Amino acid sequence: MNFGEQRNLAEEKRQALFLSQLKECIADREEALGRRVTYHITTMGCQMNARDSEKLSGVLAEAGCEETEGEDADILLFNTCTVRENANEKLYGHLGLVKHLKKEKPGMLIGICGCMMQEADEVVRIREKYRFVDLVFGTHNLWKFPELLYACLAEGRRVIDASETPDVCRDSMPVRRKVPFKSGVNIMYGCNNFCTYCIVPYVRGRERSREPGEILREIRRLADDGVKEVMLLGQNVNSYGKTLEQPVSFADLLRRVAEVDGIERVRFMTSHPKDLSDDLIQAIRETPKVCRHLHLPLQSGSSRILKQMNRRYTKESYLALVDRIRTAIPEIGLTTDIIVGFPGETEEDFEETLDVIRRCSFQSAFTFLYSRRTGTPAAAMADQVPPDVMADRMQRLIGLVQELASRAADRDLGKTVPVLVEEKDAHAPGSLTGRLGNNLMVHFPGEESLIGQIVDVELTESRGFYYMGRRRQ
Ligand code: 5AD
Ligand code: SF4
C-alpha cells in the first residue's frame with residue numbers, strides 16, 4: 001500500500017467513527033423530539049451533483065435520519081451549482097424564505113455545499129450575511145460530511161469548512177440511491193479544459209481519474225445490489241485514465257465495465273468532441289450493453305466562436321466526427337448543448353450554429369443563454385450580446401431543435417425496442433414510463449411490477465420528444 005492509499009484508509013476509518021457518533025447524536029435527538037429526525041436535500045445542477053447528493057443522503061440515512069419531500073425538515077441541505085451567474089442570486093433569494101422556515105422551527109439545521117461553496121466570495125457572503133446558515137462546505141470536502149455534521153449537531157457550532165483538501169475517501173461514503181436499479185458512478189473528477197465561459201475548472205479543480213480496479217469493484221457491488229444500469233460520470237470522459245500510473249483509455253474501461261455480470265446497460269457523460277477517439281466509437285459499436293446514445297456538446301457551430309470559447313475543434317471537424325459516428329453506429333441518438341449569445345456572436349455565427357443543427361439531426365438539445373460568469377475569461381470579453389438579440393436567437397434555435405427532434409423521433413416509429421421501465425406514468429393511471437437505449441422515453445400500459453425491468457416495447461406513436469407504445473412479449 002502506498003502513502004496515498006494509507007492516508008485514504010486512515011481517513012475512511014476516521015469518518016466511519018464520526019458516522020457512528022453521529023448515529024448516537026441523532027438517536028438522542030429522536031428521543032428528545034419523540035419522532036424521527038428528518039432531512040431534505042435540494043440539489044441543483046448536473047449529474048455529478050445528483051450523485052454527490054446520493055452520498056450526503058447515504059450518510060444521513062445511515063445516521064438514522066428520515067428523508068422528507070419538502071424543505072420543512074430538521075436538516076436541510078442545498079447542494080449548489082454555480083455554472084450560471086443567476087443560479088447564485090436565485091439561491092440567495094430562496095434563502096430568504098428558508099430563514100422564515102427556521103424561525104418557525106428553531107432546532108433546524110441549514111447547510112450549503114456544492115460548487116458555489118468552492119468560491120471564496122460566496123463563502124464570505126454566507127458567513128457574514130446569512131448567519132442562520134449553520135454548515136458550509138465545498139465539493140472538495142464532501143467526504144468530510146460525517147465529521148462536519150457531527151461538529152455542528154453535537155457541539156452546537158457553526159461550521160464553515162472551505163479548506164482545499166484533495167478528495168481522499170469520497171468514493172467510500174455510504175450512498176442512498178434515488179432509484180434502486182440505476183446508479184451514477186464517478187470515474188473522474190475535475191476538468192482541465194478551461195472553456196472560456198465555464199467556471200467548472202476553477203471550482204472542481206484539476207482532472208483526477210479513479211483507478212479502473214476500484215471503479216469495477218464499485219460496479220460489481222452495485223450489480224450485486226440490484227443495479228442494472230450504470231452511468232459513468234466525468235466532465236470529459238474521453239480524457240479518462242491518461243494520468244494514471246498505468247494509463248487506461250476510456251474505451252477500454254467501457255469494455256471492462258460492460259463485462260460485469262448483472263449490469264445490462266452502460267451509459268456515460270460527457271464526451272468532449274475534441275478528443276473522442278475512433279477506438280471509443282469502435283467500443284460502443286461492438287459492445288451491445290453500451291447504450292446507443294451520445295451526448296456531444298457542440299456549444300456553437302461557428303469555428304470563430306469555438307476558438308474564442310477555447311473548445312479546440314472546428315465546425316468542420318465536429319461535422320466529420322458526427323459523420324464517423326453515424327457511419328459506424330447508424331442507430332445512435334445524438335444530443336447536444338448549445339450556448340446562445342457568447343460574446344462577439346454575430347448573426348452569421350448564429351446561422352452557422354443553426355446549420356450544424358440541421359445537418360446533425362440531434363434527438364434533443366439543451367439550450368443555454370450565455371451567462372456572463374464572474375471569474376471566467378469570457379466575462380471580460382468585449383462585445384457582450386444584448387439580451388433582446390439573445391432572446392430572439394434562442395427562440396429561433398428552440399423552434400428548429402423541436403422541429404428536427406420530432407423528425408429524428410419519427411425515424412424509429414413502428415420499431416420494437418428494449419426499454420428500462422423507470423416509473424409509473426405520472427399522467428396516466430395504469431401506464432408506465434420507460435427509457436430507450438437512445439435516452440428517449442416511452443409511455444405504455446403495464447403493471448407496476450415491471451418497474452426496474454427491461455422489456456420490449458413497440459413504438460406506436462411519436463410525440464416529438466417522446467413516444468407512446470405497447471408492450472410486446
Ligand atoms: N453560460 C451559459 N451556459 C453555460 N454552460 C456552461 N457555462 C455556461 C455559461 N457561462 C453550459 C454549457 C455546458 C453545460 C453543462 O452548461 O453548454 O455544456
Ligand atoms: Fe466546462 Fe468545458 Fe470543462 Fe465542460 S469541458 S466542464 S464546458 S470547461
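Predicted model: local features only at pLDDT ≥ 70, side-chain atom pairs only at ≥ 80, totals over all residues.
A backbone N or O atom of Ser-371 lies 2.9 Å from a nitrogen atom of the ligand, and a polar side-chain atom of Arg-84 lies 3.3 Å from a nitrogen atom of ligand 1. The protein covers 84% of the 410 Å² of accessible area that ligand 1 has on its own. Two elements give two or more residues each to the shell: strand E13 (333-340) and strand E14 (364-369).

The residues surrounding ligand 1 are Val-83, Arg-84, Tyr-197, Gln-299, Asp-337, Ile-339, Phe-368, Leu-369, Tyr-370 and Ser-371. By class, they divide into 6 nonpolar, 2 polar and 2 charged.

## Salt bridges

Side chains of opposite charge can pair when their charged atoms come close. Across the model, the count comes to 45 salt bridges. Here are three of them, each with its N to O distance.

| Residue | Partner | N to O distance |
|---|---|---|
| Glu-155 | Arg-157 | 2.8 Å |
| Glu-218 | Arg-210 | 2.7 Å |
| Arg-255 | Asp-252 | 2.9 Å |

The bridge between Glu-155 and Arg-157 has another setting. Glu-155 is partly exposed, at a relative accessible area of 46%, and Arg-157 is partly exposed too, at 44%.

Asp-252 is partly exposed, with a relative accessible area of 34%.

Glu-345, Glu-347, Glu-351, Asp-392, Arg-393 and Arg-396 are linked in a network of them.

## Aromatic pairs

A pair of aromatic rings is described by the distance of the centres and the angle of the planes. The whole structure holds 9 aromatic pairs. In one of them, Phe-250 and Phe-268 are arranged edge-to-face, with 5.1 Å from centre to centre and 75° between the planes. This pair links distant parts of the chain, since Phe-250 is in helix H8 and Phe-268 is in strand E11 (residues 265-269), 18 residues apart. Phe-250 and Phe-268 are both buried.

Why is the pair of Tyr-313 and Tyr-318 described as tilted? The ring centres are 5.9 Å apart and the planes meet at 40°; planes under 30 degrees apart would count as stacked and those over 60 as edge-to-face, so the value falls in the tilted class. Tyr-313 and Tyr-318 are both buried. Elsewhere, Tyr-92, Tyr-130 and Phe-132 form one aromatic cluster.

## Backbone details

Most residues other than glycine have a negative phi, and most peptide bonds are trans.

What kind of peptide bond joins Met-269 and Thr-270? The bond is cis, with omega about 5°. Thr-270 belongs to the loop between E11 and helix H9 (278-286).

Asn-310 has a positive phi, near 60°, in a residue other than glycine. Its place is in the loop between helix H10 (303-308) and helix H11 (315-328), and Asn-310 is partly exposed, with a relative accessible area of 28%.

Asp-383 also has a positive phi, of about 60°, although it is not a glycine. Asp-383 is found in the loop between E14 and helix H13 (387-410). With 60% relative accessibility, Asp-383 counts as exposed.

Note on methods: Residues numbered from 1 in each chain as written. Chains lettered and ligands numbered in written order. Heavy atoms only, no water. Near = heavy atom within 4 Å. Polar contact = N/O pair within 3.5 Å; in protein donor to acceptor, adjacent residues only side chain to side chain. Areas by Shrake-Rupley, 256 points an atom, 1.4 Å probe, with all protein chains shown as cover. Helix = DSSP H or I, 4+ residues; strand = E, 2+ residues; numbered from the N terminus. Nonpolar A, V, L, I, M, F, W, Y, C, P; charged D, E, K, R; others polar. Salt bridge = Lys/Arg side-chain N within 4 Å of Asp/Glu carboxyl O. Buried < 20%, exposed > 50% of the residue type's maximum accessible area, 1.4 Å probe, protein only. Phe/Tyr/Trp six-rings, centres within 6.5 Å; stacked < 30°, edge-to-face > 60°.
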